[in-house]
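Dear colleague,

Please find below the structure that I am handing over to you.

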Number of protein chains: 2
Amino acid sequence: MTRANTTSSSPRRTRARRGEGEKLREQILEAGERLLIETGDEEAVTIRAVAEAVGVTPPSVYLHFADKDELLFAICERHFAQLDRVTEEAAAGSDDLLESLARRGRAYIRFGIEHPEQYRILFMRPPSHTPESFQVDRLRDAAAFGHLVEHVSKCVQTGLIDGDPLLVSLGLWAVVHGLTSLLISKPEFPWPDLDVMIDHVCRTTIRGLADSP
Amino acid sequence: MTRANTTSSSPRRTRARRGEGEKLREQILEAGERLLIETGDEEAVTIRAVAEAVGVTPPSVYLHFADKDELLFAICERHFAQLDRVTEEAAAGSDDLLESLARRGRAYIRFGIEHPEQYRILFMRPPSHTPESFQVDRLRDAAAFGHLVEHVSKCVQTGLIDGDPLLVSLGLWAVVHGLTSLLISKPEFPWPDLDVMIDHVCRTTIRGLADSP
DNA sequence: ACGCTAGGTTAACCCCGCTAGTATACTTAT
DNA sequence: ATAAGTATACTAGCGGGGTTAACCTAGCGT
């Protein structure tokens, strides 16, 4: 009864010591992210595949994640922080508040299409497969979103943009999300040069917001 | 051996006559759409459920659809035509080319959030679950898209908008798609008043495109 | 030495997409 | 009328997925 290794299983993981149960959680997240990135396919990240990669049985995953959706979002969560870093860096590239805003938008789009699977999980899933917190709290309180609102607020205060900062920020988010998600869903579509299109969208959008004399 | 009706099956459908095989296709599409609309959940539209609803066995579905994805897109296909009708109607509501363009955008967004499941299937699926034709041809050749490009072209010709009509059209599409898909994916998010936000996005976007003096 | 419990495992359920092989009823040719 | 052929559908089953209930066991605290 010593395990038959029926279908090419990976080496059995040595059981964690008392009090170190959380280690499995980390290993699951790592394995899941590796699977997601290597295969570039969300569907490859099955409970069974992750468990197998870690060297544990499927039900063990449920010791740390309520269901598959929570696992997937947990895997992608660090991308929130990364998205903020990337957009903040980009925004810092110019002193002109509006140009800076455009850079922020371009960086957002680039980041999205560079990590399509994570982006799809975080922002394109049906509500029924999105944990409550990622429907509202984690989104609204995300650093990236907060920084965008701050940026827009500055623009409004300095008279560069007219309108409610929150409304304007949500509009900007919708715009960059639109191009990002469309490029992710329809990569085979005969898009014009990406640089040109991304720049066009960001530029004209901000131009529309600018409080021209 | 006269069928045990093991698990509450619906009445068996009478076999189609010779040459009328296509009738099953229609019935499958109808049943599929009904399922999609009544449940409001794409996942309810399984091959098995559709077959059961029609009164036929699952493999029969494959007589008319290569796989589940083709079935889903076929179910949503008529929405393409409807989307065109709705946006054309909206655009006809004003003589002002730019105001008309804004109306087109608002109508697109409204139509999308009123038929979220169909919209998600048509525009938000991963490429791996999108039939080739819906990645490129059906999109590019869709009446709605053609009409948008024509509309934008007129704006460019009359000097209202500056730029390449195709590029501008794709940008507009990206914008309205962005708000639509975000509203569909994150309905619980504390959005501002929808009318206000939709109007804001459409208005400012077109303002940014307008060739202001 | 012994029990308790954190940290797992076994076995199974139910649903799914899909396929190979088979049956049945119409239509048409003889 | 009858036989052949084919469009139309079915039977049975594979492999895989998420999830759960019930059980085990290593090792720490007493």
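Helices here are DSSP runs of H or I with at least four residues, strands are runs of E with at least two, and both are numbered from the N terminus. Please note that this is a predicted model.

On that basis, chain A holds 12 helices and zero strands, and its pattern along the sequence reads α-α-α-α-α-α-α-α-α-α-α-α. The C-alpha atoms of chain A occupy a box of roughly 80 × 40 × 30 Å along the principal axes. Of the 213 residues in chain A, 38% are buried. Where contacts in chain A link residues at least 6 apart in sequence, 64% of them join residues at least 24 apart.

I turn next to the contact between the two chains. Chain A contributes 39 residues to it, and chain B contributes 39 residues. On the side of chain A that touches chain B, at least two residues each come from helices H7 (116-123), H9 (137-140), H11 (165-185) and H12 (194-209) of chain A. H11(A) gives the most to this side, with 12 residues. By class, the side of chain A that touches chain B comprises 20 nonpolar, 12 polar and seven charged residues.

Finally, there is DNA strand D. Two or more residues each are supplied by H2 (47-54) and H3 (58-61) of chain A and by H3 (58-61) of chain B. H2(A) gives the most to this surface, with three residues. The surface near DNA strand D consists of 10 nonpolar, five polar and 11 charged residues.

With kind regards

Key
Residues numbered from 1 in each chain as written. Chains lettered and ligands numbered in written order. Predicted model: local features only at pLDDT ≥ 70, side-chain atom pairs only at ≥ 80, totals over all residues. Nonpolar A, V, L, I, M, F, W, Y, C, P; charged D, E, K, R; others polar. Contact = placed C-beta atoms within 7 Å. Buried ≥ 20, exposed ≤ 12 C-beta atoms within 10 Å, placed from the backbone.
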